[in-house]
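Please keep the sequence and the model in view while reading.

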Amino acid sequence: MPRRSRTVVPAALLAAGLWPLAAHATNGYFSHGYGVRSEAVAGVGIALPQDGLTGATNPAGTAFLASRLDLGLNLFRPSRGASIEGNGAGLDGRYDGNGRKLFAIPEIGYVRPLDDSLSLGLAVYGNGGMNTQYDHSPFAAFGVAGRSGVNLEQLFISPSVAWRATPTHTFGAALNLAYQRFSADGLSPFTTASASPGNVSDRGTDTSTGAGLRLGWIWQPDAQWRLGATWSSRISGRFDKYKGLFADGGSFDIPANWGLGVAFEPAAGWTLAADYQVIEYGGVKAVANPLSRLAAGQPLGSDDGPGFGWRDVKVVKLGLLHQWSPALTLRAGLSHATQAVPAGETFFNILAPGVVQNHLTAGFSWKTGARSEWSAFYARAFNKTVRGEGSIPAGFGGGEADVHLKEDILGASWSWNF
């Protein structure tokens, strides 16, 4: 089975040293899609391969593409923050977590058919992440003089292979080489509730590498319909510098996820597509365990200890494509995700308010020559506030914490067909 390793995947480490990683929180802390064309249709891609990043969603999709190279860049602008009221320790107030406002997220995709039945692919992309930077700390009443916040970033390098087993059935597999890095500042109030007080906050950046597997399948019974399925294994990770913050002594796995997709061409130049995705945050203790375990005598960082209380996220994505002319293709999409953060878990999630649920996207591709093409998209993740209900433990003064997040994403890519 895929496993964690701190020495595996030197290529991932090398790329991470050169790659300007960025936090990218949309569906929980996963990206809403991979590849500019997919992101323009709200991340739909399981049965709708469009560019060299398709292996990040469904590796079977590379069999439907000619040789191509895709280079893209997203500009990601989240607006996140929190408010506290009714707190007996003096935490009441409104807090802005936007100490860092803009993030750049590059991506690379490559596809190369070997023959009529076998194709290879490579996708390099930011899988997701989370960033908050409160220049005025929500925990100032507990003695935090500077800023508070966290920064989680994930880079994936995914070589893939696709095999067209029959004229209608295609299978694919990708090796997910993952690199994570994490830092936390201004969390000293939580050291008294930790099994390892010296490894909760202000320890600089820690890193983790690991490997997992993504499998995919596409069935095309006729020229109009395609059905697809994909599954990605959980990838083990660990941040030893923060073993007093995360459950099981710093364990921080990347959750398993799976999905189903359909694409339908009702008329020439038109495509309708949809995906259903499940991200299994509930299977990662550091993310899923409730903070209330503190009251039961389990400190942060302990075996099966407290976490952020996240639930699995289920996402429905809908996309529409229209080839307006031989040179111009238009795209639009919308998606809805279930809520990751329960109302009773908002206090700890001041640090990780991954609460947006609804996305609206639009984009286009413009052919500038026989081989080259430009694509762009814009996505709006609408503002969502989760209001706390019994959210702040009595040991921290009680009361309620509300968290909110909204996002704007603008992306562009250049493609070259060989």
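Strand 1 (residues 68–85) and strand 15 (residues 400–417) pair in the antiparallel sense over 18 bridges. Strands and helices are DSSP runs (E, at least two residues, for strands; H or I, at least four residues, for helices), numbered from the N terminus. Two strands count as paired if DSSP finds at least two bridges between them. Within this pairing, Ser 79 stands opposite Lys 406 of strand 15, and the bridge partner of Phe 76 in strand 15 is Ile 409.

Strand 15 also pairs with strand 14 (residues 372–386), in the antiparallel sense and over 13 bridges. Here Ala 376 stands opposite Ala 412 of strand 15.

## Basis of the model

The model is predicted: local features need pLDDT of at least 70 and side-chain atom pairs count only at pLDDT 80 or more, whereas totals for chains, interfaces and linings use all residues. Residues are numbered from 1 along each chain as its sequence is written, and side-chain values use heavy atoms, with hydrogens and water left out.

## Further partners of strand 1

Strand 1 pairs with strand 3 (residues 103–113) in the antiparallel sense over 9 bridges. In that pairing, Leu 73 has Pro 106 of strand 3 as its bridge partner.

Strand 2 (residues 93–96) is joined to strand 1 by 4 bridges, and the two run antiparallel. Ala 82 stands opposite Tyr 95 of strand 2.

## The chain as a whole

The chain contains 4 helices and 15 strands. Its radius of gyration is 22 Å, close to the 22 Å that the globule rule gives for 418 residues, so the chain is as compact as a globular protein of that length. The radius is taken over C-alpha atoms, and the rule is 2.2 Å times the number of residues to the power 0.38. Along the principal axes, the C-alpha trace spans about 65 × 40 × 35 Å.

Of the 418 residues, 57% count as buried; buried means under 20% relative accessible area, exposed means over 50%, and partly exposed lies in between (1.4 Å probe, protein chains only). Contact means heavy atoms within 4.5 Å. Among contacts between residues at least 6 apart in sequence, 70% join residues at least 24 apart. The chain exposes about 15700 Å², of which carbon and sulfur atoms supply 60%; the areas come from the Shrake-Rupley method with a 1.4 Å probe, and for residues only the protein chains shown count as cover.

There are 33 positive and 31 negative side chains, and the centres of the two sets lie 4 Å apart. Lys and Arg count as positive and Asp and Glu as negative, while His and the chain ends are not counted. The place of each charge is NZ of Lys, CZ of Arg, CG of Asp or CD of Glu.

## Two buried histidines

His 32 lies in the loop between helix 1 (10–18) and helix 2 (36–39). At 0% relative accessibility, His 32 counts as buried. Leaving aside neighbours within four places in sequence, its contacts include Thr 26, Asn 27, Lys 317, His 359, Phe 377 and Ile 409. His 32 and Tyr 95 are 63 residues apart in sequence and 26 Å apart in space, C-alpha to C-alpha.

His 359 is placed in strand 13 (residues 358–367) and is buried, with a relative accessible area of 2%. Residues up to four places away in sequence not counted, His 359 touches several residues, among them Thr 26, Asn 27, His 32, Arg 380 and Glu 407.

## Loop and backbone details

Ser 196 has its place in the loop between strand 6 (169–185) and strand 7 (206–219). It counts as buried, at 16% relative accessibility. Not counting residues up to four places away in sequence, Ser 196 touches Lys 243 and Gly 244.

Asp 248, in helix 3 (residues 247–250), has a phi near 60 degrees, a positive value in a residue other than glycine. Asp 248 is partly exposed, with a relative accessible area of 23%. Asp 304 has a positive phi of about 55 degrees although it is not a glycine. This residue is found in the loop between helix 4 (285–288) and strand 11 (313–323), and it is partly exposed, with a relative accessible area of 28%.
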